[in-house]
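Please consider the structure shown here with its charged side chains in mind.

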Amino acid sequence: MNTVGIGVFGVGKMGQAHVHRINESLRGARVVAVSDPAPEFAHKAAPGLGLSDDAVEESAAALCARPDVEAILIAAWDGEHEAAALEAIKAGKMVFCEKPLTPSVEGCRRIVAAEARAGRRLLQVGFMRRYDAGYQQLKKVLDDGTVGDPLLAYCMHRNPSQGDKFESGQIITQVMVHEFDISRWLFGEEVTRVRVDRSRTTSKAHEGLIDPLTAVLWTESGLRINVEAVCFDGYAYDIRCDILCEEGGVALPDELAPTIRDAHGVRHQIGNDWLDRFKDAYNTEVQAWIDSVIDGQQSGPSAWDGYAAQAVCETAGAAMETGAEHSVELIARPGIYA
Ligand code: ISE
């Protein structure tokens with residue numbers, strides 16, 4: 001089999017995890033070059049990634065221009081995604097971009113427009129939950145109609161903590177964005193309205209942060225989705241989803257872990273962060289992307305999905321300020337995303 005040469009832009013925690021997964025666990029690809037918005041950081045990181053200094057480029061454009069780089073993986077900080085994605089699309093290279101596609105809806109629209117001009121899908125967004133075995137089982141139950149049509153959903157997304165610089169808006173763009181995407185994917189509908197409600201803030205959050213935050217979403221058919229996002233729960237990375245349907249209910253299976261029974265009761269372990277909880281999903285997701293690079297056909301979460309999720313984020317940001325319900329406005333969907 002052909003081995004695809006990958007260039008990784010952004011070699012922080014997430015980028016390094018992707019380099020290791022591609023070079024050590026997946027098939028069909030090899031990371032041959034890296035770059036970072038702070039190039040000196042990429043020079044420092046290269047030896048630990050098994051790369052020589054010649055494999056370090058000074059910019060995303062230089063990375064895209066390398067003949068041995070057939071596809072680009074973007075894992076730099078959110079604000080750097082758009083320019084790098086546009087470079088890759090301009091170079092006609094397939095690209096994997098971590099979520100959020102870009103922090104601004106306009107930026108997402110520019111990427112959608114660039115792909116539409118290219119006339120084909122080149123980009124996959126890193127919504128890894130779609131590749132998680134539990135979410136796939138949940139979707140299958142819904143699609144098979146085993147418990148009838150969905151009526152009401154509850155999504156919980158709790159983090160033990162976040163960095164000191166974490167800001168309130170990021171609870172929407174970094175955390176809730178996963179719930180927005182997974183809801184669109186599970187129910188196959190766009191979100192049309194959003195309201196965001198505040199609660200009492202946890203004493204564990206740093207000054208100025210609003211945590212927890214809840215959102216109510218309504219989809220095209222009127223399905224209501226309650227989203228809870230927590231950044232400082234202080235106990236674990238806890239992801240849940242429970243859906244009431246016409247003839248019963250279905251819930252996301254919990255993590256695969258042995259159940260312990262002892263004098264303290266019955267319990268099983270829960271992970272501490274997303275890299276652990278979604279480890280298999282990340283591997284499956286990036287493998288699917290590599291396979292699509294080899295086939296020349298992109299089929300994972302698209303730039304449209306990145307745009308639509310970001311439109312919900314931006315509307316939720318405005319709704320957080322007013323406390324009122326806001327409508328989500330989307331542009332017409334270009335034909336390549338049909
Ligand atoms: C983080 O940025 C992620 O991407 C994780 O998937 C998410 O679960 C976490 O809450 C975010 O902070």
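The text below turns to salt bridges and their surroundings.

This is a predicted model, in which local features need pLDDT of at least 70 and side-chain atom pairs count only at pLDDT 80 or more, while totals for chains, interfaces and linings use all residues. Residues are numbered from 1 along each chain as its sequence is written, and side-chain values use heavy atoms, with hydrogens and water left out.

The structure contains 21 salt bridges, a salt bridge being a side-chain nitrogen of Lys or Arg within 4 Å of a carboxyl oxygen of Asp or Glu. One network of salt bridges links Arg130, Asp181, Arg184, Glu190, Asp305 and Arg333. Within it, Arg184 and Asp305 form a salt bridge whose closest N and O atoms are 3.1 Å apart. This pair links distant parts of the chain, with Arg184 in helix α7 and Asp305 in helix α10 (residues 303–322), 121 residues apart. Helices are DSSP runs (H or I, at least four residues), as are strands (E, at least two), numbered from the N terminus.

Asp181 also lies in helix α7, which spans residues 170–187. Asp181 counts as buried because its relative accessibility is 1%; buried means under 20% relative accessible area, exposed over 50%, and partly exposed in between (1.4 Å probe, protein chains only). Leaving aside residues up to four places away in sequence, Asp181 touches Phe127, Arg130 and Asp305, contact meaning heavy atoms within 4.5 Å.

In helix α6, Asp143 and Lys139 lie four residues apart, about one turn of the helix. Their side chains meet in a salt bridge (3.4 Å, N to O). Asp143 is exposed at 52%, whereas Lys139 is buried at 18%.
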